[in-house]
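Please consider the model shown below, with attention to its covalent cross-link, its strand pairing, its charged contacts and its aromatic rings. The paragraphs that follow take these topics in turn.

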Amino acid sequence: MTEERDNGLTTTRGRWQAGWTQVALGALALVVGFGVAAAPRLFGGGGERITNAARGNPRALPTESALSRPSTHPAESPVVSMPEAPAAPAATPMDAIDAFLGAEARGDFTLSFGFLAADYRATHQSSAAWTAAHGQFPVVRGYALGAVRITEAGGEVDGTVVLKPELDPVIGLVPGTATATWVMRPEDGGWRVAYSESTVTAQYPSADTAAAAARIWIADRTGCGARARAALLGTGALADALCAARGPVQVGLPLPLQPTESSDPFLAAYGPDVFSWAQVVPVMAPAHVGAVLAPLGSRWRVIGLVDLPALQTNPQQGAQKQ
């Protein structure tokens with residue numbers, strides 16, 4: 001694994017073993033998939049894990065009677081353990097966040113555990129548990145940090161995190177980059193990183209570029225192969241209609257995906273976060289469908305099709321042709 005530094009950006013070639021838990025993003029707290037800043041999601045926040053499908057579809061959640069049904073098994077006594085003692089804290093707020101992110105990017109999770117504030121260390125109890133949790137964290141490729149601001153409660157620093165973009169039913173949507181405000185807290189005579197107070201916000205490509213991506217995808221019939229069709233969400237009939245049609249491609253400007261019956265497959269796959277990042281490009285020709293796109297890194301990718309039977313072409317949308 002190697003590191004490169006350029007204009008303050010530290011880039012690590014390697015995997016920050018990864019993904020999100022559904023409840024929290026830990027230090028890199030990205031609610032969105034990163035749509036809104038919130039602290040515990042990137043590095044995992046503990047608590048009960050609910051699958052994306054269950055989050056998106058209330059019918060998948062246990063009923064009240066099932067939740068309240070008495071157990072037929074005797075209750076086990078809880079095992080109480082003391083959190084593992086951390087390593088020495090960093091000398092300054094900047095040293096704390098730089099050392100933590102550097103250790104995370106190198107895959108040295110034992111080292112990064114020691115820079116967690118006490119409340120978050122208590123959540124994971126040990127560096128071994130912290131390391132195991134990284135099986136569901138995103139891939140971090142690099143980071144950049146600004147200047148430290150000293151506050152009454154501690155210190156803050158703004159920065160940028162470079163991630164490996166991913167879209168997965170378990171992990172959810174991972175953006176290519178995110179902006180962050182890291183919070184450091186004085187502890188044990190030094191400084192540690194307060195994850196529960198830190199925020200990270202996803203950065204996505206402009207939605208304006210989604211229409212061009214959809215137009216190219218349709219013109220090239222990219223989704224018409226057997227494997228490509230199998231990966232598309234939505235009804236197969238929509239893909240059949242689009243792949244069988246011929247003629248020039250005409251699309252409108254993208255619109256946010258809305259909760260409808262057609263969007264149920266996307267809701268089940270990615271949870272309600274999908275409505276914060278997915279865009280629908282209306283396709284007027286050669287077939288009448290909606291192409292649903294996800295922001296994967298700096299580009300938009302078609303992930304499925306929705307039915308738009310009542311779609312009316314808006315002249316102000318400036319329909320695009322090829």
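The torsion about the S-S bond of Cys 224 and Cys 243 is about -100 degrees, so the disulfide is left-handed. Here a disulfide denotes a pair of cysteine sulfur atoms within 2.5 Å, and the sulfur atoms of Cys 224 and Cys 243 are 2.1 Å apart. The bond links distant parts of the chain: Cys 224 belongs to the loop between helix H7 (210–219) and helix H8 (226–231), whereas Cys 243 belongs to helix H9 (residues 236–244), 19 residues apart. Helices (H or I, at least four residues) and strands (E, at least two) are DSSP runs, numbered from the N terminus. The structure holds 1 disulfide.

The model is predicted: local features need pLDDT of at least 70, side-chain atom pairs count only at pLDDT 80 or more, and totals for chains, interfaces and linings use all residues. Residues are numbered from 1 along each chain as its sequence is written, and side-chain values use heavy atoms, with hydrogens and water left out.

Cys 224 has a value of 25% and is partly exposed, while Cys 243 has a value of 12% and is buried.

Attention now turns to strand E9 (residues 177–187). Two strands are said to pair if DSSP finds at least two bridges between them. Strand E6 (residues 155–163) pairs with E9 in the antiparallel sense over 8 bridges, and Val 157 has Trp 182 of E9 as its bridge partner. E9 also pairs with strand E11 (residues 199–203), again in the antiparallel sense, over 5 bridges; in that pairing Ala 178 has Ala 202 of E11 as its bridge partner. A further 4 bridges join E9 to strand E10 (residues 190–193), and these two strands run antiparallel. Within E10, Arg 192 is the residue that stands opposite Arg 185. The hairpin of E9 and E10 has 2 residues between the strands, and in this hairpin Asp 188 takes a positive phi near 55 degrees.

The side chains of Asp 188 and Arg 192 form one of them, at 2.9 Å from N to O. Asp 188 is exposed, with a relative accessible area of 55%, whereas Arg 192 is buried at 1% relative accessibility.

Another salt bridge joins the side chains of Glu 187 and Arg 121, at 3.9 Å from N to O. Glu 187 lies in strand E9 and Arg 121 in helix H5 (residues 118–124), so the contact ties together parts that are 66 residues apart in sequence. Both Glu 187 and Arg 121 are buried. Which residues are linked in a network of salt bridges? The network consists of Asp 119, Arg 121, Arg 185, Glu 187, Asp 188, Arg 192 and Glu 197.

A salt bridge is also found between Arg 149 and Glu 156, whose side chains meet at 3.0 Å from N to O. Arg 149 is partly exposed at 34% relative accessibility, and Glu 156 is partly exposed at 26%.

The aromatic rings complete the account. Rings of Phe, Tyr and Trp (its six-membered ring) pair if their centres lie within 6.5 Å; planes under 30 degrees apart count as stacked, over 60 as edge-to-face and the rest as tilted. The structure holds 6 aromatic pairs. In one of them, the rings of Tyr 120 and Tyr 195 have centres 5.4 Å apart and planes at 85 degrees, so the pair is edge-to-face. Tyr 120 lies in helix H5 and Tyr 195 in the loop between E10 and E11, so this pair ties together parts that are 75 residues apart in sequence. Tyr 120 is buried at 4% relative accessibility, and Tyr 195 is buried at 1%.

Tyr 195 also forms a stacked pair with Trp 130, at 6.2 Å centre to centre and 15 degrees between the planes. Trp 130 lies in helix H6 (residues 127–133), 65 residues apart from Tyr 195. Trp 130 is buried, with a relative accessible area of 0%. Phe 100, Tyr 120, Trp 130, Phe 137 and Tyr 195 form one aromatic cluster.

Methods:
A salt bridge is a side-chain nitrogen of Lys or Arg within 4 Å of a carboxyl oxygen of Asp or Glu. Buried means under 20% relative accessible area, exposed over 50%, partly exposed in between (1.4 Å probe, protein chains only).
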